[in-house]
Structure formats: C-alpha cells, structure tokens
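User: Can you walk me through this model? I'd like the main features in plain words.

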Amino acid sequence: PRSAGAAPGPVCYGLGNQEPTVTDANVVLQTLNPTHLLGGRMPIDQALSKAAIGRLAERLGLDTMATASGILSVVTANMARAIRVISVQRGYDPRDYTLTAFGGAGPLHAARLARELEMTRILVPRNPGILCAMGLLLTDLRADFARTRLFLLAPGLAGEIAEIFESLASDAGRWFDSEGVGSDARSTARTIDMRYAGQNYELSVPLPDGPITAENIAGLQAAFEAAHQRMYGFVAQGDPVQLVTFRLEATGMVAKAELRKWPEVGPDASAAIAGRREVYFPELGRFVDCPVFARERLRPGHSFTGPAIVEQMDATTVVLAGMGARVDPYLNLILEDR
C-alpha cells in the first residue's frame, strides 16, 4: 500500500482518499480503535475503510479480512527486510537485540515484526509517538564550519593553520551567540581532512585543543599514518601528505532529561483495563475479545499476557497471543515472546 500522507490521509479520515492504507487495514482489523484516534480527539469512519479494502478484495479475489491481513503481512515483510539490511548484512544477529518500537505506528506493528525476525523482546517507551520530538529537544545543538586550503604538511605551517582555525572559531562564536548558547555550554573540536598527495579521498584527523606548534604538526603526521593504516592497511613512508579541509565542530550543550525511577506496585494490571474490543488476529484466523489497557494507568510491576491492546494518545500497542507484557521502573512497556 502507498502512503496517503497527512492530507488527505487514510480513507477513514474522510478527507477524500479512496485508496486503502495501512491505517485503514488496522482500523478494519480493529487493532486500531474503530471509532476514534488521538485519545478521542480525532473521529474516524471504519465503514469507509471497510468499503475501500472491500474494493481491493474484489480485485484480488479475497475477502475483506484476508485482504486487510495481507496488507499487514506486506508491511511486516518490508520492515523486516529493511532491518536485515542494517543487521544481518552487517554481521549482526537481530535475535541478540531488543526491538525498540517508537513513532505513532511502531508499537502497532512491533510484535509481528519481532516474530518475523525471531526477536524475543520489545521495548515500547512511555511516549513512543513523540520520542523523536523529545530527542530533538534534548539533543545538543551542533554546527560545522570548514575552510578548504591545500598545504603540504610541514613544520612551518603552524602559523597558517592557527590563522585558519581562529577564523573558524570566530564563525562559531557568532553562531553560538545567534543560538543563545551560554559560555559554559559551548565546546568545539578541531579536525583536518588529510591525504597522501594524489589521493582522491581524505581521512579526518583530530587536532587537539591549545596552541598550534611544530609538535602538533608532527602529531598530525603520526595520527594520519595511524588512521591510514587502520583504513587501508598500509603506510606510504616518505610520501608527501596534504592538508585539505580544516574543520571546527561547534556544540551547544542543552539540559538533558532525568530518568525517574518509579516504585513497583505489583503485577495486577486489572485497574488499567479501560474496556474490551473484538480484534481480528490473522495468526488465529478470527476475532478475539481483547482487554484494552489505558497506558497512562499502567504502573511499574504491572504485567499481563496477550492477546491485548494498549492504547494511549500518541500510539497503540498490539500484544499478540503468547506474548507477555510488563512495565519496568521507568514506565517502559516490555513485551516478551514466550
């Protein structure tokens, strides 16, 4: 299925789209709330989703539920393939790791994705739908400043190098001022892109803080040779070395979140059940009456087993049959396949 973007969005939004999306499939299967999203702030029309998927089902010669289930299978396979590219193809076994589910739809698909990858543990953070925005707010500010000048590495270059970095430091100072970064939250790091004369690619070599002297220049030579040995497996003794690009990384540090640890209250999660809903599970081939847990009521120590649904304003989490769920002291929801 193709994304319909935020506008017009899925068919169930009622904004004019006629082609079913992944959201419509979840609405038909009732893994997503069939009447509203965003904690009741956004009404949706399940009938529109059913009609759209029904039209696709007719073309495929399937029934509506099989078609909706097929959409989820395609999506799961696509995500699994993408994860294998950055794990298996790089020599990492996904089964050795915990799958972290974030974004509004991550927890909706994480359980099936984990099973596809044979991963046994999933971590759903407290606010998965806004995790990226939180990360943006908590990430240090950074800007990079650069000057390209070609020099052959020689002891007498200290003055020229110092002049270039003084100019870059002035640029960084103006950027710090424009971003309102206090003097106690500023840091910089210097590097120089270097290569053997005639090479097409450079290696970035750090230049320590402090005055630039002939000793620093000698240190650059040694650091470049060490980096070249690591990258290419050899050092070309006696070949001239070029300095190409001078870089200054400026970082404005911001206050970080403090992770609060909450006391455990015991395993009984019945007080967090907000209702029940019939949910279609392709794995079982039928609708199942599921408890719907309100995420904001779940407390550390609470545990339950699937099939179940966990709803919150910014995400919906699906717990498949055979999976256990528990809340850790930091209010993360941990799903484990048994």
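Analyst: Let's start at the end of a helix. H4 is followed by Glu-118, whose phi is positive, near 60°. Helices (H or I, at least four residues) and strands (E, at least two) are DSSP runs, numbered from the N terminus. This is a predicted model, where local features need pLDDT of at least 70, side-chain atom pairs count only at pLDDT 80 or more, and totals for chains, interfaces and linings use all residues. Residues are numbered from 1 along each chain as its sequence is written, and side-chain values use heavy atoms, with hydrogens and water left out.

User: How many residues of H4 are buried?

Analyst: In H4 (residues 106-117), 9 of 12 are buried. Buried means under 20% relative accessible area, exposed over 50%, partly exposed in between (1.4 Å probe, protein chains only). Among the buried ones are Pro-107, His-109, Arg-112 and Leu-117.

User: OK, strands. What order do they take in the open sheet?

Analyst: The order is S9-S10-S12-S13, with mixed pairing. Two strands pair if DSSP finds at least two bridges between them. The edges are S9 (273-281) and S13 (315-319), each pairing on one side only. From one strand to the next, the twist averages 30°.

User: How do S12 and S13 run, parallel or antiparallel?

Analyst: They run antiparallel, and 5 bridges join S12 (residues 308-312) to S13. Ala-308 stands opposite Val-319 in S13.

User: New topic. Why does Met-134 count as partly exposed?

Analyst: Because its relative accessibility is 34%. Met-134 lies in helix H5 (residues 131-138).

User: And Asn-332, where is that?

Analyst: In the loop between S14 and S15. Asn-332 counts as buried because its relative accessibility is 15%.

User: What separates the C-alpha atoms of Asn-332 and Gly-9?

Analyst: A distance of 30 Å. Along the chain, Asn-332 and Gly-9 are 323 residues apart.

Notes. Axes fitted to C-alpha atoms, helices over the stretch in contact; angles between N-to-C directions.
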